[in-house]
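Start by looking over the chain below.

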Amino acid sequence: MPPHSPLRIATRKSALALWQTGHVAAQLRSLHPGIEIELVPLSTRGDEILDRSLATLGGKGLFLKELEVAIEEGRADCAVHSLKDVPMALDAPFALAAVLERADPFDAFVSNRYASLDALPHGARVGTSSLRRQVQVRARRPDLQLVDLRGNVNTRLARLDADEYDAILLACAGLQRLGFDERIRDRLTPPDFLPAVAQGAIAVECRADDAHTRALLVPLDHVATRRCVEAERVMNLRLAGSCQVPIAGFCTEQNGTWTLRALVGDEHGSEILRAEATADSATLDTLGERVADALLAQGAGRLLAR
């Protein structure tokens, strides 16, 4: 791409996706004064099919394919994603050129009448389309009715406000990015609740051989975030995890020590396996594999095979 050409960024059309792409564009303009940027909004299969759960549709990748096709066909130079939606192994032509600093990684409890998950009455209706969230909620509150909830953030909040649910579960980062901080009644945090792998992180994908675009994007990369999410993604990849299996993983770093916590659950909530390990800089590359192997040693393969 010639230096004077606009950088064309593919994005989904949802309000959250457009916010995230605008955030990336703003950082690029700050890093590269005078850069021209053009957004290429696209609709994906994940956006269009709302009457079935992500697990039945195939899970991760549903929000990417159309954006990757645009890059392959030369209609876009890169694409912005929520990293939790990105498959653990990218197709050969593509690379993650940048992973931005992670925002709040946890899940939000949102309700108009109740302050927390524990405050919900027996049998309350809770909306979430995530098997990972469902299995952790069932472990804590097996009496609740868990009901699928699809659509963008505004749609989900509107359905809560229409009294279709007593509470819904969403990602804190998405709510905060769209200015809905006040809707968060409680945050579901470790050790009881683990987020999705790479939740809260934004990634920018481009062709692996597009040196010019990669050079523009690399300064966006947040090294500490990338190290943590890569450990989480390696763990998930070793387990061959997808939205069809409840898997959670969360890595943190403190004073040069990385800690990765993860879980694999039975989709009906009857069983949850947990594992945790630590690493220093010399052993960080194997952290995800070690945690995955610990889960497999407990029988995670049996749950995954289901």
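## Salt bridges

The salt-bridge count comes to 22. The model is a predicted one. Side chains of opposite charge can pair when their charged atoms come close.

## Asp 77 and Arg 8

Asp 77 pairs with Arg 8 in a salt bridge, with the closest N and O atoms 2.8 Å apart. Asp 77 sits in the loop between α4 (65–72) and β3 (78–82), while Arg 8 belongs to strand β1 (residues 7–12). The two parts are 69 residues apart in sequence, so the pair ties them together.

How accessible are the two partners? Asp 77 has a relative accessible area of 6%. The cut-off for buried is under 20%, so Asp 77 is buried. Arg 8 is at 23% relative accessibility and counts as partly exposed.

## Two bridges from the β4–β5 loop

Glu 232 and Arg 102 meet through their side chains in a salt bridge, at 3.0 Å from N to O. Glu 232 is in helix α9 (residues 223–239), and Arg 102 is in the loop between β4 and β5. The partners lie in parts 130 residues apart in sequence, so this pair ties those parts together. Glu 232 is buried, at 0% relative accessibility. Arg 102 is buried as well, with a relative accessible area of 16%.

Asp 104 forms a salt bridge with Arg 187. Their closest N and O atoms are 3.0 Å apart. This pair links distant parts of the chain, 83 residues apart: Asp 104 is in the loop between β4 and β5, and Arg 187 is in strand β9. Asp 104 has a relative accessible area of 14% and is buried. Arg 187, with 37%, is partly exposed.

## A salt-bridge network

Which residues are linked in a network of salt bridges? Arg 12, Lys 84 and Asp 85 are.

## The aromatic pair

How many aromatic pairs does a search of the whole structure find? It finds one. Phe 106 and Phe 250 form this pair, with 5.2 Å from centre to centre. Their planes are 65° apart, and the arrangement is edge-to-face.

Phe 106 lies in the loop between β4 (94–99) and β5 (107–110), and Phe 250 lies in strand β11. The pair ties together parts that are 144 residues apart in sequence.

## Backbone exceptions

Most residues other than glycine have a negative phi, and most peptide bonds are trans. Against that background, a few sites deserve a look.

Pro 190 and Pro 191 are joined by a cis peptide bond, with omega about 5°. Pro 191 is placed in the loop between β9 (186–188) and β10 (202–207).

Asp 163 has a positive phi, near 65°. Asp 163 is in the loop between α6 (153–161) and β8 (167–171). Is Asp 163 buried or exposed? Asp 163 is exposed, with a relative accessible area of 53%.

Asn 255 also has a positive phi, near 55°. Asn 255 is in the loop between β11 (247–254) and β12 (257–265). Its relative accessibility is 75%, and Asn 255 counts as exposed.

Notes: Residues numbered from 1 in each chain as written. Predicted model: local features only at pLDDT ≥ 70, side-chain atom pairs only at ≥ 80, totals over all residues. Heavy atoms only, no water. Helix = DSSP H or I, 4+ residues; strand = E, 2+ residues; numbered from the N terminus. Buried < 20%, exposed > 50% of the residue type's maximum accessible area, 1.4 Å probe, protein only. Phe/Tyr/Trp six-rings, centres within 6.5 Å; stacked < 30°, edge-to-face > 60°. Salt bridge = Lys/Arg side-chain N within 4 Å of Asp/Glu carboxyl O.
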